[in-house]
Structures are given as structure tokens and as C-alpha cells.
Amino acid sequence: MTVAAGIGYALVALGPSLSLFVSVISRKPFLILTVLSSTLLWLVSLIILSGLWRPFLPLKANVWWPYALLVVTSVCFQEGLRFLFWKVYKRLEDVLDSFADRISRPRLFLTDKLQIALAGGLGHGVAHAVFFCLSLLTPAFGPATFYVERCSKVPFFLISAIIGLAFVTIHTFSMVIAFEGYAKGNRVDQVIVPVIHLAAGMLTLVNFASEGCVIGVPLLYLVASLTLVHCGKMVWQRLLETRNQSSASG
Amino acid sequence: MAMGLTRLVAIAFALLLVSILPLHVSLAGEITSIESVPDLQKLMYVAVDGYPCVRLLNLSGEIGCSNPGLNKVVAPIIKLKDIKDSDQQHTILVTADEMEDFFTRVSSDVSFASKIGGVLVESGSSFQHKLTGFSPDKKFPQAQFSPYENVDYKWNSAASSIMWKNYNFPVYLLSESGISAVQEILSKKKMKHETYTTDVAEFNMVMETTKAGTHNSEACLQEGTCLPLGGYSVWSSLPPISVSSSNKRKPIVLTVASMDSASFFRDKSFGADSPISGLVALLGAVDALSRVDGFDNLKKQLVFLVLTGETWGYLGSRRFLHELDLHSDAVAGLTDTSIETVLELGSVGKGLSGGVNTFFAHKTRVSSVTNMTVDALKIAQDSLASMKIKILSADSANPGIPPSSLMAFMKKNPQTSAVVLEDFDTKFVNKFYHSHLDDLSNINSSSVVAAASVVARTLYILASDNKDTSNSALGSIHVNASFVEELLTCLLACEPGLSCNLVKDYISPTNTCPGNYAGVILGEPSSKPYLGYVGDVSRFLWNFLADKTSVQKGNTTSVCSKGVCSKSDEVCIKAESNKEGACVVSTTRYVPAYSTRLKYNDGAWTILPQNSSDSMGMVDPVWTESNWDTIRVRVYTVQHSAYDNAVLVAGITVTTLAYIGIMATKSLITKALKQD
């Protein structure tokens, strides 16, 4: 597909993350560290999951329920890890806040906390995109293209890049929702993140059907936009709250 | 809050249901599971199996096929019938029955030839029924070596001469698996949109002579970009000749066959009828005669000679006769006596018709010796009454002997009295002479067994000078039919091919598929060559003939390793593949086969000037084959470049839009926070 197409696919999957990185994350070194540690955590979770599932592989290719089971167990495991990640972050936040108090500097603002959550989510999303899309992209730089029988309208690389972009969005913003949910004890926010993750995972199984990607991928983008909208609403609410608080107290 | 939660859970559940429902419907069908990136690459770039046509050179120019330059040829695939006028070069998919017309048209129509990027030939079994005959060779093969004037006589009626022309594009014969790979990719195209993808074939058949710009044998041999065609012929005598003994030598009855064939495609030239059927008949006869005792007491000496390089200017026979003149080591034991009779076994695989095996004896000239040979053949025929064999003399209206090694013998010495046994009279019955279709299905094994039987008894009669048919020894000479059939599957098929037990008993073959193309001669030509440079079939013949013509001294056989035996008249056989060989008393030698116009000096070949005493050397084209690195053909699908650029633009757009969105959100948030 030539170098132009290869770069195109890479940008479709990871371009927005690159933009986010350049405009938000790269300004603060702490956020870069958060992205890296979150990426590492996600990869470790994959390694552990593959270790657990190794005895059952390779899965039979013509029944779908082993794959459903795989998705469900992986999502549960990763959500559990997300909660642990939050706990570690909370500990860190307390340390940073007490340090700030000692040197008479302001504590972490809401925007700082949101940015850390965003960085954590971006780490997860980038790891997913690199692992599931970018690693398969090397042949795309050669002259040939590839169409999968079950999704014969679009080249394989394009579909995987599009799915990758959806998952980057979902991971990035659901981390923000999750952190706020755990911090405020908001049940809705706490539950919606695993549900979204599970739904997204199960929707990829639709691609197993012949021409299933025509239904599966738009639905996946529906989920991604739901995440984005919910996150936006939540952040806007919190900002307004904080502003009212500070104007009330100040 | 709780309401929101339940609502969300409901939505999620609905999504789950939606996702699962269509799945029970259609999961059947092929899934080629891709487990790694190399798997993906193998699916994308389908390697196509087949046989190439390579570049051959002679003194005046080139023949055969090659990539036109240094680069791979990439061209979209199109069937021959779908060809329209267009400027772009294509890969033409040609079926076997269209091949002759296609290549004839290419040679005559320059504008048609310029549209060809590469050619893929489909020769599945479905097309072979349509073909009544196909021969890419000439009407009178190797006419320049004929000892008689009539060079326009049409021996080969199915001739098209296409293998002797020069093509400036790669040509590749698809194997069965190659055909299915190409068909699969072409059928997938019907599912996809035809507007923005094309299926292309990529040919990597770059020939070194094209790279170096050497376009004839002299230039390429000087530059070292090619090697001369040739190989190693094998001769063996029954019983073994003791070189040291001062006994008077017996006159020799020489039986000749050849082991090399050729076709348009280098590696698919089984040559079943011409000439391998003759070779197998000779080996069957040797096997039968090896079980006969008392050869020491016969009046004449039997010598069996299997030549190679005969297709390319009778290299084997010319070099053999030259070595006889030189009294060299390769022919020690043959030179101080006369070769009284020569019997050649030509094509004998198609003699069966109407339940009778008919063979024709073509004489070089009428003489007492040739009459005696034909008489012996007839006596042998009569003694084999149960096999229904008929030996007939060739039509006297024929201009002379058919194309065979005897033409070279005659040219050298017009007084040669020899007979060649063929399954045809006035023209070839082999309608697939020197084509890739002259395979096992083109011959009849019972015809070969019949020829072997009649030749074995004829040789015994000639050697014993005995005309008595009730001789019990004659009646005891039987050819082992199952041996002949097994040998045919070893030399004329890829399964089992040279990995059959019969061959593996003697050598460890380097290839399974027997390519009966002579190939190039490697290294320095000598009568004791480095065995790594000698072809599989030559090595098999040497070991086989040494085994069958050997005499056991006492009952003990000593073992040998490294091919060395202690006694001078012993040779080490079956010494390959880590086995220890056995030392047997036998006179079996290799004779190099290469043009008499070539000389090997210090690692390089030079062409000798024309010598009027070597009349055949004067008309020898001096064939060489270009060196080549890898030959590979791949088939894959390519997107149009507009699409690739569109993808790049889409990627850049998505990135930029995301950036703008993020910046907008940032400013929105800062503004929201500052409103106090």
C-alpha cells in the first residue's frame, strides 16, 4: 500500500493521541510519566491475561463464545487493575498534597487531577492502539493491500486503524470518568466505565459475522461518542461546581 | 442517581444483545487464522509455485526469457482473451492450448509484444485433453548435424519452434498449486470493487547476462556471467575390461541411450518418450543381462553408454568420440579395439498400438553389420512370441536416420554401421516432443518393457554371435517388468521421483523432482569429477551400471569410504549418504560432455576457433545458460495510488481536527475557570 498509506493508517489510529500528547501532556513532565506508567500497566495486564489464557489457546475459530469469554475475563481483569491504579494514584495525590502544604504551595487543582486522569487514559489507549493496530501495520508499507473476507469492502489495515481510534477515545475518556467516580463515590460513574469497556469489547465480536463490520464499527463509534459526551458533561459539571465554590469562598 | 444507573445498565445490556444476536447466524466458513505478522505477509504476498523459462545464449545471440532489466517486473494480470488495446504492460495468463499461437504472434507482431510485461502459463490437466500435439522444437531438430542433405524433412509434425526464439519478458509455467493460488486471487477480485484495486504479478527473474550486457556465449563466458551446457555421460562394460591384462581385446557392441531432454521450461522437461523411455529400456536390458552367466566366454564385449547434452548439439556423443581419438583416461579400455556394432535406443515408449508393440529399426547405411543387427533383433522378437513384439525396418523413403546421437557418429565417420531403434517410422509419433507435456502419461510402460526385452536378447545374440533361438540361455533372459515400471516413476514423476527406493539405494539425490534438462557443466571437466558437481541422474547411472556389470571376486566384498578402493580395477559404489560403500570389480567411467569448441583453463571457459577438421564444431552453436540468483513469482493486490493518498490525507485531517478540538476545549475550560 506504499509508505503514504502506511503513514495514513498510523495517523488515523494514533493521530489524535499525538495531538493530545503535544498540546496537553508534553507541557508537564509528570503527565508524561503518568502516560508511560499507564502504558506499562496495560501491557503488564495483557501479559498476565495471555499467561492465564495460554493453556486454552488457540481458540477454535468457528465458535464465538470462547472469544466472548476471553473478552469478558480480560475486561473484568483490566477494570480491577484500573481500580488499583486509582488507589495508587490516590496515595500519590495525598503525598503530593502534603508536600505542597509543607512548602506552602497550592494543592492540586481540579484541572491538574483531570489532566492526570486523562494522561492515565491516554496511556491505556495508546498501548491498545500500538498493540492491536500499529504492530500489524508493517506490511502496509509494502506495495500490496489486504482484504479480509468478512469485511470485504474496506482494507484490513483501515478497519483496524478505525477500530484502534475508537478504542483510544474510549480508554482515554473513561479513565477520567472512572477517577472522578471513585473520588466522589458516584455509583453511576463507577459502573458506567466497566459497562462501556465491556460493551465495546463485545461489539468487536460482531465483526465475526460476514460483513459484520458494517454494523459493528458504527456501533463502536456510538459507544465512543457516548463516552466522550458523558465525560464532557461530567467535567463541565465539576468545573462549574468548583467555580461556584471558589467564588462562594473567595 | 439510581434511575441514571439503571438506565445505563439497560442501554449496555441492549447493546450486548444486539452484538450477540447476529453471531449465531454466520460463523461457518473458512477462517484462515492469522497468528503473527509473517502469517499476514504470507497471505498478502502469495508466492506462486512453478517453472521458469530461462535465458540461454549461443554464439550469435540469445534465446529464452528473462526480465528485461535489473528490476522486478510488476504488471496487472489479465487473461489472454480479455486483452484490449492499452498502453500499459500486463501479465498475460495463457493456457497451454493457446501457447503456440501466442508465442508465434509475439515473435511476428512487435506492437503486441510490447504490451507484454510477463506471461503465466496455465497447464492443468483440463487443458491437456484439448491439445492434440504441442512441440516447441523445430520440424527437424538439430538439422545442422544431419549427415544427409534433406534438412527440410519434417520429422516433428507438431513443431512450432517457439523455444528457439528470444523473448524480452519473463515466462513462468504454473504448477498445480500455483494455478489454484492465481485462480483464488482472481476470483476474490469479483467480490471486491474493481475500480480501486488491481491484481498484479511480480516476476523476479533477472538474468545475469542481462545485467552485464553480455548477449552471446563468447562475451558471457569471458565475463563469467554464464556457464556452458553439458554434464557427465556414463559408460560401463559387461563384463568388466581389465585394463592391465594383455589379452586380446574383443570387438565391442556399443549400446547407446541419452538421458537429457529439454522443453520451453527449464525444470519441467521429463522427456518421457524422447529419450528417457530409451534410457529405461537400456537399464532394463542391463538388469536382465546382469543375471546371465558366462559373459566372459562370449565373442564380443558389451559396452553401455548413456550420453547427456544430446539436445544441445550432441555434446555427449561429440565429446565421447573426441575422447576416443585422444585415447584419454575417460575411455581407457575402449580405444585399443574396434567398436564393431552400435545400437541406439531412441524413443520406445509409444510402440504399443492395437495390442502389439511395434518398433522400427533405422539403419545408418546398408552393410553386413547393420543387416546382422536387424537379423538379431528379429530373432529376439521371435523368441519373445508371448510379448507380441514386431520389429520392422524403417521405410527406405526416409531421407536417413531420425535425429539421434547416431547423426553425430555418422558425421564423424560416415562409414559407421549402426541401428537406432525407435517407436516411429517416417515421423515422430510423439506429439509432445521436447515439451513439458511429454510426461509419464504420454508413454506406455509395457512398450518400454517390450523394448528392453527385445534389446536384451538382441545384445546377447550379437555378443555371442549365435543364431540359435533355442539356446536356453537366450530363453532365460527376462526383463523385470516391475523394475522397469518403478524406474519410470523415479525418472518421470515428482512422486516418488528421485526419492524412490530404487534410486536412494545408490545415491542421495539433491532434488526429488527429476529435471532431465542437461544443465550446465560445473567445475573442471574430468573423468574423475568432484561428485558434488555431477548431476543426480548421472551419479545414479554410474552406481547402477557399476553394480549391474560388476563381477564378484570370491564372495567377499570389502567396504570403502571416501570412494577409494584398494585394487585398481575396483570401484566404490553406493558410497553416498553416510553409508559405507562396497568395492566391486567393474569398468564404469564418467565422460564429461561439453562442446568440442570449448576449453577449460584456470577456472574459465574459452571458445576455440573453428577447426575444419571438426565439422560438427563448425556448426555448433555453443550453448550456455545465464547465471541467475533467485527466481520467484508473487501475486498480490494493489490499491490505486489515489486511494493511498486519500488515506494519508484522512490521517492528517483526523490529527488536525483532533488538535483543533483539543485547543478549543482547553480555551473553553480556561475561560470557564477564569470567570470569577
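Into which domains is chain B divided? Select domain 1 (37-216 + 630-639), domain 2 (230-550 + 586-594) and domain 3 (650-675) in turn; the bounds come from an automatic or database domain assignment. The C-alpha centres of domain 1 and domain 3 of chain B are 58 Å apart.

This is a predicted model, in which local features need pLDDT of at least 70, side-chain atom pairs count only at pLDDT 80 or more, and totals for chains, interfaces and linings use all residues. Residues are numbered from 1 along each chain as its sequence is written, chains are lettered from A in the order in which they are written, and side-chain values use heavy atoms, without hydrogens and water.

Next, select helix α13 of chain B, residues 445-464 (helices are DSSP runs of H or I, at least four residues, and strands runs of E, at least two, numbered from the N terminus). Of its 20 residues, 18 are buried, so α13(B) is largely enclosed by the rest of the structure (buried means under 20% relative accessible area, with a 1.4 Å probe and protein chains only). D465(B), which follows α13(B), has a positive phi near 55 degrees.

Now show the largest nonpolar core, of 81 residues (buried Ala, Val, Leu, Ile, Met, Phe, Trp, Tyr and Cys joined through side-chain atoms within 4.5 Å). α13(B) gives the most to this core, 13 residues.

Finally, go to S417(B), in the loop between α12 (405-412) and β18 (418-422) of chain B. S417(B) has 11% relative accessibility and so counts as buried. Beyond its neighbours within four places in sequence, its contacts (heavy atoms within 4.5 Å) include E340(B), T364(B) and V369(B).

Terms used
Expected span 1.5 Å × (residues − 1). Buried < 20%, exposed > 50% of the residue type's maximum accessible area, 1.4 Å probe, protein only.
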